Amino acid sequence: MAFDGVIGELQKRNDNYVAEFSESEVPGKAGTGVLLITCMDSRIVPHEIFGLKIGDIKVIRNAGGQLNQEVEKDVIIASHLLNCHTIVIMPHTKCAMASGSPESIRSKLTEISGDKFSNFNPSMITDTRAKLESDVNTLRNHDQLPEDVVVHGCIYDVESGKVSWVIP
Ligand SMILES: [Zn+2]
């Protein structure tokens with residue numbers, strides 16, 4: 001089936017990708033043993049940032065690059081079963097999730113769409129560095145992760161492309 005619009009464009013580009021594809025033997029376990037947790041921000045392209053190729057790392061993304069109970073479950077699976085013994089948490093500068101309070105987001109949404117957002121409670125970040133420290137510590141002290149797992153925290157600068165390893 002052929003689509004119009006943006007999906008049609010993606011479909012075309014994927015056809016080109018398939019025509020060049022030669023990675024059918026790449027294993028599903030991450031080659032570097034690294035699991036990266038980062039934001040869904042469209043300016044972050046993890047494989048380009050670190051000069052990686054297909055099969056090298058696993059990436060979990062959400063709004064803000066934040067740890068939560070669901071992410072923790074994925075980290076447990078990746079570390080025990082999928083060879084990821086190095087966990088990197090990487091929030092970034094100019095993150096929309098660090099630009100306001102849950103109340104401010106809620107009132108913006110309510111303004112646009114009415115009161116169906118009255119109970120909406122997004123996980124906003126008040127202090128990027130403090131939240132990162134807290135998330136790193138949560139994983140470092142997690143009793144369901146293997147003993148040999150190491151956890152690092154860094155912040156990606158969307159204006160320079162620089163990764164600062166603030167919690168090495
Ligand atoms: Zn972000």
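Is Phe120 buried, exposed or partly exposed? Select Phe120: it counts as partly exposed because its relative accessibility is 38%, where buried means under 20% relative accessible area, exposed over 50% and partly exposed in between, with a 1.4 Å probe and protein chains only.

Before moving on, note that this is a predicted model, in which local features need pLDDT of at least 70, side-chain atom pairs count only at pLDDT 80 or more, and totals for chains, interfaces and linings use all residues. Residues are numbered from 1 along each chain as its sequence is written, and side-chain values use heavy atoms, with hydrogens and water left out.

The whole structure has three aromatic pairs (rings of Phe, Tyr and Trp, the last by its six-membered ring, with centres within 6.5 Å; planes under 30 degrees apart are stacked, over 60 edge-to-face, the rest tilted). One of them joins Phe117 and Phe120 edge-to-face, at 5.7 Å centre to centre and 85° between the planes.

Next, click the zinc ion. Its donors (N, O and S atoms within 2.8 Å of the metal, or 3.2 Å for Na, K and Ca; water is not among the atoms, so the site may look incomplete) are Cys39 (SG), His92 (NE2) and Cys95 (SG), at 2.0 to 2.3 Å. Along the sequence they are spaced C-x52-H-x2-C. His92 counts as buried because its relative accessibility is 2%, and Cys95 is buried too, at 8%.

Finally, zoom out. The C-alpha trace of the protein chain spans about 50 × 50 × 30 Å along its principal axes, and 35% of the chain's 168 residues count as buried.
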